[in-house]
Amino acid sequence: MRRQITGFSNPTVKYLRSLRDKKHRKRAGQFLVEGLRLLEDAREGGRLPRQIVMAEGRDPHPLIDRLEADVDAAGGEVIETTPDILTKITGKSNSQSVVGVFDEWDTGLEHLNRDAAQIWLVAQALRDPGNLGTMLRTGDAVGAGGLILIDDCADPFSAEAVRASMGAVFTQSVAQARWEDFVPWLRSGSGQLVAASLRDAVPYRAAPYAAPCFILVGNESQGLPEAYEAECDLRVTMPMRGRADSLNAAIAGAVLAYEVLDNL
């Protein structure tokens with residue numbers, strides 16, 4: 001049965017609002033996902049929310065009915081509330097009619113199977129959640145195994161990153177690690193580490209890529225530290241024909257990923 005919430009001061013409303021903040025998300029181990037399309041992507045990817053919160057008076061939709069039935073069958077909770085309260089939960093004036101609450105999953109390196117894919121994306125100190133989501137979306141497009149976040153990156157479970165991923169956060173593996181932990185993990189098995197660089201680099205369209213290929217992208221403003229570049233097995237350069245001296249981090253990763261895909 002659906003639980004009705006009609007008061008703004010309800011403890012559940014306060015809790016759900018708190019999940020917009022990274023500190024509270026990490027403490028609770030849960031995150032919000034807004035919109036039927038993303039929730040359907042999650043369901044198709046084998047992940048169901050613990051709770052769904054729906055606006056009363058919304059237009060009926062068969063996907064919402066199916067999602068509600070699956071959540072209920074899995075022991076989750078279905079909540080119905082007013083559009084104004086849903087807006088308060090999401091913090092958006094044009095919030096969509098359904099929101100899901102998901103448990104965060106383990107993002108340790110030990111859960112990755114490097115042989116599951118020919119390409120992996122790696123981002124170091126990526127601070128923009130939009131870029132993070134875009135890299136997830138790129139990984140999905142090229143059939144990558146997932147995205148490995150190195151050092152202090154944006155939160156992959158933030159609303160901005162989830163939205164920018166267009167559902168790829170549910171199809172791509174996500175791992176988080178410090179550089180000093182990533183390198184021993186990488187060197188413990190097969191794997192070629194590749195980065196765009198100007199140091200002893202070869203043209204990216206004539207490079208000898210090898211699978212599994214780990215494509216490393218650096219911080220948006222500072223790029224990769226020199227020691228990180230030195231660790232790479234292959235450094236490639238991409239031509240800049242105009243006045244710009246570099247590409248956006250996520251775009252650079254996408255260009256390299258498609259080149260690698262075409263040459264493996």
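Trainee: Which residues of helix H3 (residues 36-44) are buried?

Mentor: Leu36, Leu38, Leu39, Glu40 and Ala42 are the buried ones in H3. Keep in mind that this is a predicted model.

Trainee: What makes a residue count as buried?

Mentor: Its relative accessible area is under 20%.

Trainee: What do the buried residues of H3 pack against?

Mentor: They pack against strand E2 (30-34), helix H4 (62-73), strand E5 (98-103) and helix H7 (159-164). Now look just after H3. There, Gly46 takes a positive phi of about 90 degrees.

Trainee: Which residues have a positive phi although they are not glycine?

Mentor: Ala125 has a positive phi of about 55 degrees. Asp151 has one of about 65 degrees. Most residues other than glycine have a negative phi.

Trainee: Where do Ala125 and Asp151 lie?

Mentor: Ala125 lies in the loop between E6 and H6. Asp151 has its place in the loop between E7 and H7.

Trainee: Why does Ala125 count as buried?

Mentor: Ala125 has 8% relative accessibility. The cut-off is under 20%, so Ala125 counts as buried.

Trainee: And why does Asp151 count as buried?

Mentor: Its value is 16%. That is also under 20%, so Asp151 counts as buried.

Trainee: Does Ser190 count as buried, partly exposed or exposed, and why?

Mentor: Ser190 has 38% relative accessibility. Buried needs under 20% and exposed needs over 50%. The value falls in between, so Ser190 counts as partly exposed.

Trainee: Where is the place of Ser190, and what is Ser190 in contact with?

Mentor: Ser190 is in the loop between H8 and E9. Leave aside its neighbours within four places in sequence. Then Ser190 is in contact with Arg114, Asp115, Pro212 and Phe214. Ser190 and Cys213 are 23 residues apart along the chain, and their C-alpha atoms are separated by 9.1 Å.

Trainee: What kind of peptide bond runs from Ala211 to Pro212, cis or trans?

Mentor: That bond is cis, with omega near -10 degrees. Most peptide bonds are trans. Pro212 sits in the loop between strand E10 (202-203) and E11.

Trainee: Which residues of helix H8 (residues 179-187) are buried?

Mentor: Trp179, Phe182, Val183, Trp185 and Leu186 are buried in H8.

Trainee: What puts them on the same side of H8?

Mentor: They cover an arc of only 165 degrees around the axis, which puts them on the same side of H8. Their cover includes strand E6 (119-124), strand E7 (146-150), strand E8 (173-177), strand E9 (192-196), strand E11 (213-217) and helix H9 (226-231).

Trainee: How are helix H6 (residues 129-142) and helix H10 (residues 249-263) placed, and why is that so?

Mentor: Their axes come within 9 Å and cross at roughly 10 degrees. Angles under 35 degrees count as roughly parallel. H6 and H10 are therefore roughly parallel to each other. Their crossing is right-handed.

Trainee: Which residues of H6 and H10 meet?

Mentor: Asn131, Thr134, Met135, Thr138, Ala141 and Val142 in H6 meet Ala250, Ala254, Ala257, Tyr258 and Leu261 in H10. By class, that contact has eight nonpolar, three polar and no charged residues.

Trainee: At what angle do the axes of helix H1 (residues 11-18) and helix H5 (residues 83-90) cross?

Mentor: They cross at roughly 35 degrees and come within 7 Å. Val13, Leu16 and Arg17 in H1 meet Ile85, Lys88 and Ile89 in H5. By class, the contact of H1 with H5 has four nonpolar, no polar and two charged residues.

Notes: Residues are numbered from 1 along each chain as its sequence is written. This is a predicted model: local features need pLDDT of at least 70, side-chain atom pairs count only at pLDDT 80 or more; totals for chains, interfaces and linings use all residues. Side-chain values use heavy atoms; hydrogens and water are left out. Buried means under 20% relative accessible area, exposed over 50%, partly exposed in between (1.4 Å probe, protein chains only). Helices (H or I, at least four residues) and strands (E, at least two) are DSSP runs, numbered from the N terminus. The arc is that of the directions from the helix axis to the C-beta atoms. Contact means heavy atoms within 4.5 Å. Axes are lines fitted to C-alpha atoms, for helices over the stretch in contact, and angles run from 0 to 180 degrees between N-to-C directions. Angles under 35 degrees count as roughly parallel, over 145 as roughly antiparallel, 65 to 115 as roughly perpendicular and the rest as oblique. A crossing is left-handed if the near helix is turned anticlockwise from the far one by less than a right angle, and right-handed if clockwise. Ala, Val, Leu, Ile, Met, Phe, Trp, Tyr, Cys and Pro count as nonpolar, Asp, Glu, Lys and Arg as charged, and the others, Gly among them, as polar.
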